[in-house]
Structure formats: structure tokens, C-alpha cells
Amino acid sequence: MIFIKNKITDVYFNLAMEEYIFEKFKEDEIFMLWINEPSVVIGKHQNLVEEVNMKYCFENKIKIARRISGGGTVVHDFGNLNYTYITNTTGDTELNFKEFLKPMHNALLSLNIDTYVSPRNDFRVGENKICGHSQFMRKKRVLHHGCILFNSNLEDLRGALNVKHKQVVSNSAKSVRSSVANLKDISNLNYEISDFIEKLKNEILKMREDFKIYELTEEDILNIDRIKEEKYSTKEWIYGQSPKCNFVLNEEKDYNVEIVNGKIAKINAENSFEELVGSYFEYEEIKNKIEILEIKDEEILKLKEI
């Protein structure tokens, strides 16, 4: 097993790093622990409009990102610990998913954390979810990752995911909301996340007879930065991958906005507002255009609340 040391907290860099490491090490088992700056990370097949309160994220400096694996939306910050496990697989996705939960689950149990695996394959303590998981597989090589709520800002988590006022019609993969809690609180842990990282790392590596620690080289960082700039930090990836959908402005008047490839393709309202067509359905871009154009229409102004 190779344990990769990484102290970078840039969400776009870390998502690019996962893909880069997945491609670079073709046969080795890989294990990584990493932390992201405040950010919302949606699954590959999800519709950002349905999952994220973009206005809240903008106002609270929470970045929005999209990963290559499926699954639901998660919120990261400096109190949230992410882990990644990459290995070869037999191809039985359902069986392997459960198998890949075991190392981390056993590590948590060894730290006297009373957690269990729920029917939805997340880790729970009591009724509270403390870690969700997702996977990406290509040619029988699998990337499995999870995010553990250790001491996160739960107010930001709830605010970033509060999209109950939106009316969106789409065929996207939907997140399943669960009651969550911080592991430090519900397990009465008297140490910080930096200590938690070391404890987990030691427990995981104890399970392997041989392992080596790998630090990213300058060449690695340059290659990861390239993937970040060309993919993970772009609006084309973050917004453009969302499935086609309709955002309902007024159900009675049949006012709606059609969104294709993350951009406004059509506005059905009393005025066409062609100036907004072609804009990414992204909070800051729409807000700026509405203000520049001095649009006063009450229905269109709802777009500033996305």
C-alpha cells in the first residue's frame, strides 16, 4: 500500500489529485487522507440547481465543486476529514463497495468509536450519519472515498444544502438527506482533527504488512494543477455537467427557465429577457447581469435567490 501525504486544502486541486493518482498508479493500492477548505462537492450526475443553495455559498465564501464519482452532495470544511482508497477490483460493484468500507470502519472501531454501517452504506453513530461514501470505477480499478464529519460547521452544512424553496424539474440523481452530527461531539473525543488524522493513518497502515509513504513531487503538482485548471475549477465541469432541467418561476403563469448544459437556454415569461440566455446558471453571473440590465421583473428577480 502507498500512503500519500497531502496538506493542500484547495478543493479543486484535491479532486484533480484523486484523478491524477488514479491514473498514475495503475496497480498499487493507494490510501490518502485530506482536508478541503469550505466547499460543497456534488456527485458527477447531480443537478447543481437542485442540490446547492448558491446564494448562501457565495455569501459565505463556500466554493462549489463536482467530483468524478456518483452519490450525493456533501459539504467539506476544515473540520471534515476525507479519505480515498484506490485499488483493483473484481468488477462486482455492490460487493466491493461493502468490502471497501471495512478498513476505515475497523480503524474507527479500534479508536473506540462506536460506529456501524447503515443499510445505505454510510457510517453512523446512533441515529446520526457521520460519514458518506461514493465510488468511481474504470476498467476494474476503483476509487472509493468518504468524508467524515469530525468537527464541521453544521450551520454552514445546512445552509449550503437548504434548497427547499426551489421548484426544479429534472431527471438528475437526487441526494438523500440524513440527520448528521460531528464525531467529536457525539463520541466525546478530547482531541483535534490533526490528532484524528494521525490516529486513523496509523490504524490503517497497521493493517498492512508493507507500505510506503509517498510525497507529491514538483512534477506531480504541476500535472495536478493542469487537470485542476482544465477541468475541476471550470464552470463547464461544475455547472455544465448538470442534467437538463426547468427552473419554475411561477407555476400558475407557467413561467420557467430552461437550463441546458448548465446555461440558460430559454426563458418563458412575459418578456423573453434574451440578454440572460447563454449565461451559466450560477449565482454571481446571473446576479451581475440582472443588476447591469436593471431588470425589475419580480419573477426574474427570483433568480437572484438561487
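The dialogue below takes up cysteines, then a pocket.

Modeller: This is a predicted model, where local features need pLDDT of at least 70, side-chain atom pairs count only at pLDDT 80 or more, and totals for chains, interfaces and linings use all residues. Residues are numbered from 1 along each chain as its sequence is written, and side-chain values use heavy atoms, with hydrogens and water left out.

Biologist: How many disulfides does the structure hold?

Modeller: A disulfide is a covalent bond between the sulfur atoms of two cysteines. Here the term needs a pair of cysteine sulfur atoms within 2.5 Å. The structure holds 0 disulfides.

Biologist: Is C57 buried or exposed?

Modeller: Buried means under 20% relative accessible area, exposed over 50%, partly exposed in between (1.4 Å probe, protein chains only). C57 has 1% relative accessibility, so C57 counts as buried. C131 counts as buried because its relative accessibility is 1%.

Biologist: Which elements give two or more residues to the lining of the second largest pocket?

Modeller: Rolling a probe the size of a water molecule over the atoms shows where empty space is left. On a 1 Å grid over the protein atoms alone, a pocket is an open set of points where a 1.4 Å probe fits, with protein on both sides within 12 Å along at least five of seven lines; lining residues have an atom within 4 Å of a point. The second largest pocket has about 380 Å³ of space, the volume filled by probe spheres set on the points. Its lining has 17 residues, and N6, K7, L33, I197 and E198 are the closest to its centre. The elements are β1 (2–5), β2 (30–34) and α7 (193–206), where helices (H or I, at least four residues) and strands (E, at least two) are DSSP runs. The largest share, 5 residues, comes from α7.
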